[in-house]
Amino acid sequence: MIMRIYQEADYAAMSRRAANLIAAEVIRKPNCVLGLATGSTPVGAYKQLAVWNQQGDLSFKEVQSVNLDEYKGLAPSHDQSYRYFMQTNLFDHIDIDIAKTHVPDGLAADADTECARYDELVRSLGYADLQLLGLGRNGHIGFNEPCDRFVKETHVVDLTQSTIDANARFFASADDVPRQALTMGIGCIMAARRVLLIASGEDKADAVYNAFCGPITPQCPASILQLHNDVVLVGDKAALSKLAAAGVPVCE
Ligand code: F6R
């Protein structure tokens with residue numbers, strides 16, 4: 001594993017560092033494939049990228065994007081769908097060509113066929129040059145939940161109670177959280193040339209520690225990243241607190 005760890009003071013600094021690393025990739029390769037994530041963690045980085053785009057410092061015109069996941073059963077127009085999230089948090093504010101943005105279709109009549117299509121799409125794009133990941137409190141990446149094996153392909157997953165509870169904050173109640181999602185598998189994530197994992201807050205400290213200092217096990221899906229040869233972890237002090245306590249060297 002070749003890994004760089006940036007420890008930032010707080011969420012704002014973490015977001016700025018992550019945005020810088022994404023911008024560097026887009027500047028280096030204007031037609032790069034960006035693997036994108038949703039959730040609370042990347043919102044600040046997306047805001048920063050939109051500012052740089054609007055200032056004319058960065059263009060996404062040639063970028064292709066592939067998102068990690070989508071809730072099964074939610075329409076793109078549903079305000080909790082991940083397509084809607086991407087539109088409102090990033091795509092509507094930058095010059096990306098919407099035809100070049102890809103999110104699994106949560107409404108596909110046959111979800112397994114949609115998963116196979118999505119897997120083939122990501123493969124045909126040559127996989128992500130940079131895959132942005134958030135981290136679940138249970139160690140999930142995308143919606144690859146703790147499980148007894150690593151699932152390589154894009155697949156339909158039953159969300160765990162921990163994920164349903166964590167995501168209930170976005171819905172009227174936990175009962176409204178979809179029980180299933182379509183998620184990129186571990187194969188596409190690991191095929192990305194570089195992985196950028198971002199984490200913020202004390203409630204991610206155990207997951208960060210388990211992912212990078214624990215055993216490689218599908219019970220902590222992010223632990224597979226120990227086998228990737230180019231991982232950058234950007235976290236705030238709270239999220240990295242257990243790594244730092246274990247003496248893992250970090251860049252400040
Ligand atoms: C979202 C995704 C998830 C989140 C994770 C952390 O596309 O793939 O793995 O990254 O659940 O979510 P937040 O950032 O809300 O803590």
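I will go through the pocket, then the ligand's neighbours, then the contacts. Please keep in mind that this is a predicted model.

Let us begin with where the ligand is. It sits in the largest pocket. That pocket has a volume of about 520 Å³. Its lining consists of 28 residues, and those nearest the centre are Gly-39, Leu-135, His-140, Asn-167 and Lys-204. Which helix gives the largest share of the lining? That is helix H5, residues 161–167, which supplies 4 residues. By type, the lining has 13 polar, 10 nonpolar and 5 charged residues.

Now the ligand's own neighbours. There are 14 residues around the ligand, and Thr-41, Asp-69, His-140, Gly-142 and Lys-204 are the closest. In this shell, 8 residues are polar, 3 are nonpolar and 3 are charged.

Next, the contacts with oxygen atoms of the ligand. Thr-41 places a polar side-chain atom 2.4 Å from a ligand oxygen. For Lys-204, an N or O atom of the side chain is 2.6 Å from an oxygen of the ligand. With Gly-142 the backbone is involved: one of its N or O atoms there lies 2.7 Å from a ligand oxygen.

How much of the ligand does the protein cover? On its own the ligand has 400 Å² of accessible area, and the protein covers 94% of that.

That is the end of my part.

Methods: Residues numbered from 1 in each chain as written. Predicted model: local features only at pLDDT ≥ 70, side-chain atom pairs only at ≥ 80, totals over all residues. Heavy atoms only, no water. Near = heavy atom within 4 Å. Polar contact = N/O pair within 3.5 Å; in protein donor to acceptor, adjacent residues only side chain to side chain. Areas by Shrake-Rupley, 256 points an atom, 1.4 Å probe, with all protein chains shown as cover. 1 Å grid on protein atoms, 1.4 Å probe; cavity = no way out; pocket = protein on both sides within 12 Å on 5 of 7 lines; lining within 4 Å. Sits in = over half its atoms within 2 Å of the grid points. Nonpolar A, V, L, I, M, F, W, Y, C, P; charged D, E, K, R; others polar. Points joined across faces, edges and corners; volume = space filled by probe spheres on them. Helix = DSSP H or I, 4+ residues; strand = E, 2+ residues; numbered from the N terminus.
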